[in-house]
Structures are given as structure tokens and as C-alpha cells.
Amino acid sequence: MRFIQTIIALLSIGFLAACASGNSVERPDPGYNEQKPRYNNPLPPSPPRSISDASRDRPHPALVAEIAELWRTFPGKTGIAIRRIDGNWTIGHRLDQNFPQQSVSKLWVALTVFDKIDQGKISTSDAVRIGPEDLTLFHQPLAAEVRREGAVIKSVYTLLDRALSRSDNTANDTLLRHAGGPDEVNRFIRRNRLGQIKFGPGERLMQSQIAGMSWTQDLSVGRKFYAARAKVPLERRRQALNAYLADPIDGASPRAIVDALDKLARGELLSEYSTQAILSILKRTRSGPNRLKAGVPSGWGFLHKTGTGQVLGSTATGYNNVGIMTAPDGTRYAVAVMLANTTASIPERMRMMQAVTRAVARYHKR
């Protein structure tokens, strides 16, 4: 019966996201209780101690060697972290250096919102208006709806789904505003001792700063941002981008990210309801299907969030993917691959990321 209840509750979450359109406001998941947001069913238990005892306590030496070789031979500044969830080890390279997160930082906005839901300060069914003055830049599917209808109203849950699974910048900045702004997100990070993670000022201000520009709202229309950026002197753009890479305003270390994913997976950051809800959304992520996900074997579970920064000349920045792999026996691994800057082609970046998750699976239980 408990299994059936869980399936029904999770299917309800997916149904809400699928039905979102126009000015309709979606209802919260039936399993949600405004006074005490919990599912009746507990989180999946950790694998029993008898499963993969050796890999729980220490990584396979061949995995360590293979990850080291991938890191050594890949061009640019690369950070890799792998953590055995419910285990005792983390491996990787540049574990404690700051990397630009880009849309990986949408995780911290979503966690802050779910935390406020758990406190009863926000509801998944809150109706939030999005108008032309709220549009951002780059990937924002919501913009088409706003331009067509003048303004739209979306529930908090729909915005969470769109911000995470579709990486919609306008959905994310709208949630950020509804949650109280960047300071609230950074307070959540500090209060939960998530370590070396910073949240920036939001997409509009951050992306214009990276390009050596000042934000004006008309830049959210069509391709006006791209046109304005093309007029910025190349040296100014280079200086702004280098300053960002040297001390990213949205910087995070690979170790801090996998540690945070570990805490999320073990239910230490949110209620049972909110933990299940955010993990369910992350399983539906559409972006980056050929990054880490493409190296995860059939039969394994995977949920993730991508990040992609600006490109200047032949250099791409902030090309990231972080996620949680789950083996058929229930063993879980948090993985983060972060490319601060690289001249490698997109296919080369994807192949490197795939090689990381493929290696994790290959040495599981060996």
C-alpha cells in the first residue's frame, strides 16, 4: 500500500507540471499538507551495510586513476568531484577551487523555495504573475507566453518545474523574487552549512556584468542583448569575463556541490515531501542529455542539473553538469563536472563528462 501511495503522489506531481499553461494556476500535489508538508512514505532507505562494503569505505584505485587521467588530459580549468552517498569518500580534482556555476545555481533557489514551503511561508499553489518587466535573457521559454498574452500567472510548483527541468531563466528569477531575493538564498546556504557555495544577483545582472555591460530591461526583448553585447569592445568583454572567472560571483567548489547533493539525497535539507518533489523534478531535466547522463548505464537512475555560460572567441565558460547516479542495488553517487573555461569542442566536452559517469558505474562494487 505504501508503494502505491508513493507512485500516486509522484504521478500527481508530474500531472501538475504537464497541465501548466496560460493563466491557469495549478493545484499543489495532493500529498502536500500546508501545515505539515510530508509524504506518508519515508525516503528510500540507504543500501544495507552488506552491499558493497568495500566501495562504501574507499574508492576503487582504478576509478581514482581513470578520473585523474581524464582530468589531466582535458584542456582548460576543470573541476571533478565524485562522492559516494551514504559512504566515506570523495575523490576528484580542484575539489576546493571556485568554479562559475551558471544554471547549476538554480538548485539553491529551488532548495530555498522548498525550505520556505516546509516552513509554511510559501505554498506550491501560490499564484505568481510574470509580465514583460520580469523577463530575463538567454533561455527563457516563458518569454514566448508573456509576449503572446501580455502577462501570465503560474503556480510556484510550475515555476519550480520549469526552472529546474527546463532551466528557464525567467522562471528562476521569478522564484528568486518570490523567495525574498539573493540574500535569502545565501542565508539558506549558510544556515545549512553547504560550504563553498555562493549565489549571485540573478540572471539579468550577472550575465550583463560578465559581458561588460549594464542591464536595462529592453535587453530582454528578442535578441537585443546579443546585439548590444556585439557592440561592446572586445577588450572590455575579455576583461569582464576574466574578472568573473578569477572570482565568480556565483562560485562554488565541486566538493561543496557533491556534499550538498549528498545531504539532499539523504533528506537532511528538506522535509520528506519537498525532498521527493525536487528529486522528481530533477529526474525530468531536459537540458544536457549528452553530458553526464549519456554515460549512465541502462538500469541506473540519474537526476541532474546543467549550467552553461557565455562564450568569447574560442573559449567556452561555465560548462557544467552535476547530478546523482543510483545503481540498481540502490547505491548512490553524487557527481559534479565543472569547466570554468575550455577551448574543447562541445562533442569533446560531452565525451569527457560521459567518461566520468561511465567510470563510476564500471568500478561500482568491484
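Analyst: Happy to! Helices here are DSSP runs of H or I with at least four residues, strands are runs of E with at least two, and both are numbered from the N terminus. Please keep in mind that this is a predicted model.

Let's begin in the loop between α8 (182–191) and α9 (203–210), which is where Arg193 sits. Its phi is near 50°, a positive value in a residue that is not glycine. As a general rule, most residues other than glycine have a negative phi. Arg193 has a relative accessible area of 72%, and exposed means over 50%, so Arg193 counts as exposed.

Ser167 gives us a second case, again a residue other than glycine with a positive phi, here about 55°. Its setting is the loop between α6 and α7. The relative accessible area of Ser167 is 8%, and the limit for buried is under 20%, so Ser167 is buried.

Helix α6 (residues 156–165) packs against helix α7 (residues 169–179) at an angle of about 135°, and their axes are 8 Å apart. That angle makes α6 oblique to α7. The crossing of α6 past α7 is left-handed. On the α6 side, Val156, Leu159, Leu160, Arg162 and Ala163 make the contact, and α7 contributes Ala171, Asn172, Thr174, Leu175 and His178. Sorted by class, the contact of α6 with α7 holds six nonpolar, three polar and one charged residues.

Now for the strands, starting with β9 (residues 315–326). Of its 12 residues, 10 are buried, so β9 is largely enclosed by the rest of the structure. Strand β7 (residues 301–307) pairs with β9 in the antiparallel sense through seven bridges, and Phe302 has Met325 of β9 as its bridge partner. Strand β8 (residues 311–312) is also antiparallel to β9, with two bridges; there, Val311 faces Ala316 of β9. Two residues separate β8 and β9 in their hairpin, where Gly313 has a positive phi near 65°.

On to strand β10 (residues 332–342): it runs antiparallel to β9, and 10 bridges join them. Tyr319 is placed opposite Leu339 of β10. The β9 and β10 hairpin has five residues between its strands, with Gly330 at a positive phi near 95°.

Another hairpin is formed by β1 and β2, also with five residues between the strands; Asp86 in its turn has a positive phi of about 65°. Strands β1 (residues 77–84) and β2 (residues 90–93) are antiparallel and joined by four bridges, and Ile80 is opposite His93 of β2.

Let's finish with Arg83, which belongs to strand β1. Arg83 is buried, its relative accessible area being 16%. Beyond its neighbours within four places in sequence, Arg83 contacts Trp89, Thr90, Val258, Asp259, Asp262, Arg332, Tyr333 and Ala334.

Notes. Residues numbered from 1 in each chain as written. Predicted model: local features only at pLDDT ≥ 70, side-chain atom pairs only at ≥ 80, totals over all residues. Heavy atoms only, no water. Pairing = 2+ DSSP bridges. Buried < 20%, exposed > 50% of the residue type's maximum accessible area, 1.4 Å probe, protein only. Axes fitted to C-alpha atoms, helices over the stretch in contact; angles between N-to-C directions. Parallel < 35°, antiparallel > 145°, perpendicular 65-115°, else oblique. Left-handed = near helix turned anticlockwise from the far one by under 90°. Contact = heavy atoms within 4.5 Å. Nonpolar A, V, L, I, M, F, W, Y, C, P; charged D, E, K, R; others polar.
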